[in-house]
Amino acid sequence: MELERVDRITSDALGEPGDRTFYLQIRKGPDLISVLVEKQHIQLLAASILEILERAGKETGEGPAEEDMALEEPIEPIWRAGRLSIGYEEAEDVVVLEIEELVPDEEQEEREPDHLRVWATREQMLALSRHGALVSERGRPSCQFCGNPMDADGHVCPAMNGHSAPT
């Protein structure tokens, strides 16, 4: 599916920290598409957008305000994302986000994953980056050693060979 020059793109999470569900949501005219994503997708996307905009070397406006970045109802995801790819199309002056469906192992031989390709302005993507960073920060803190989320009582850190990470 291709969505050129979208009207809106955002991300957010619903639920309590430790039990949140993350979404990317795109609007193009009357079409509203929601995709389930992981917190790490949102974090990496936010950082990648900033890198791409820096490399583009063009002044980018603020884009939509924070209060305009909430998810729209109904939130009915088409599928869960497996891989996200992002790039800048200089000729069109747009950021291109490609989202690939996560296909369970038992279905991989039966079908190819669906793809969603989205073209958005630099301003829309900068707002997505800012908002995605805020969404990620609202959850549980990440371990400084392994990056995994920590509960209030800490966690068993694989980077510390199974010992509890200091809080």
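Which residues does Ile 9 touch, not counting residues up to four places away in sequence? Ile 9 touches Gln 25, Ile 26, Met 69, Leu 97, Val 118, Ala 120, Gln 124, Met 125 and Leu 128, where contact means heavy atoms within 4.5 Å. The model is predicted: local features need pLDDT of at least 70, side-chain atom pairs count only at pLDDT 80 or more, and totals for chains, interfaces and linings use all residues. Residues are numbered from 1 along each chain as its sequence is written, and side-chain values use heavy atoms, with hydrogens and water left out.

**Fold and overall dimensions**

- The protein has two helices and seven strands; helices (H or I, at least four residues) and strands (E, at least two) are DSSP runs, numbered from the N terminus.
- Along the sequence these elements follow the pattern β-β-β-β-α-β-β-β-α.
- The C-alpha trace spans about 50 × 45 × 30 Å along its principal axes.
- Of the contacts between residues at least 6 apart in sequence, 55% join residues at least 24 apart.

**Surface and charge**

- Buried residues account for 39% of the 167 residues. Buried means under 20% relative accessible area, exposed over 50%, and partly exposed in between (1.4 Å probe, protein chains only).
- The accessible surface comes to about 9,700 Å², and 46% of this surface belongs to carbon and sulfur atoms. Accessible areas come from the Shrake-Rupley method with a 1.4 Å probe; for residues, only the protein chains shown count as cover.
- The protein carries 16 positive and 36 negative charges, and their mean positions are 3 Å apart. Lys and Arg count as positive and Asp and Glu as negative, while His and the chain ends are not counted. Each charge is placed at NZ of Lys, CZ of Arg, CG of Asp or CD of Glu.

**Nonpolar core**

- In soluble globular proteins, nonpolar side chains tend to be buried together.
- The largest nonpolar core here has 26 residues, and those with the most contacts inside it are Ile 9, Ile 99 and Leu 116. Such a core is a set of buried Ala, Val, Leu, Ile, Met, Phe, Trp, Tyr and Cys residues joined through side-chain atoms within 4.5 Å.
- At least two residues of this core come from each of β2 (8-14), β3 (21-28), β4 (31-37), α1 (39-56), β5 (77-89), β6 (94-101), β7 (115-120) and α2 (122-137).

**Buried serines**

- Ser 11 is in strand β2 and is buried, because its relative accessible area is 1%.
- Apart from neighbours within four places in sequence, Ser 11 is in contact with Tyr 23, Leu 24, Ile 42, Met 69, Leu 71, Leu 128, His 131, Gly 132 and Val 135.
- Ser 129 is in helix α2 and counts as buried at 4% relative accessibility.
- With neighbours within four places left aside, Ser 129 is in contact with Ala 46, Ile 49 and Leu 50.

**Backbone features in loops**

- The peptide bond from Glu 73 to Pro 74 is cis, with omega near 0°; Pro 74 is in the loop between α1 and β5.
- Arg 5 is in the loop between β1 (2-3) and β2, and its phi is positive, near 45°, in a residue other than glycine. Its relative accessible area of 41% makes Arg 5 partly exposed.
- Asp 93, in the loop between β5 and β6, has a positive phi of about 55° although it is not a glycine. Asp 93 is partly exposed, with a relative accessible area of 24%.

- Arg 27 is in strand β3; its C-alpha is 8.8 Å from that of Leu 3, at 24 residues apart in sequence.
- Not counting residues up to four places away, Arg 27 touches Val 6, Asp 7, Arg 8, Leu 32 and Glu 72.
- Gly 29 is in the loop between β3 and β4, and its C-alpha is 10.0 Å from that of Leu 3, at 26 residues apart in sequence.
- Gly 147 is in the segment after α2 and is partly exposed, with a relative accessible area of 39%.
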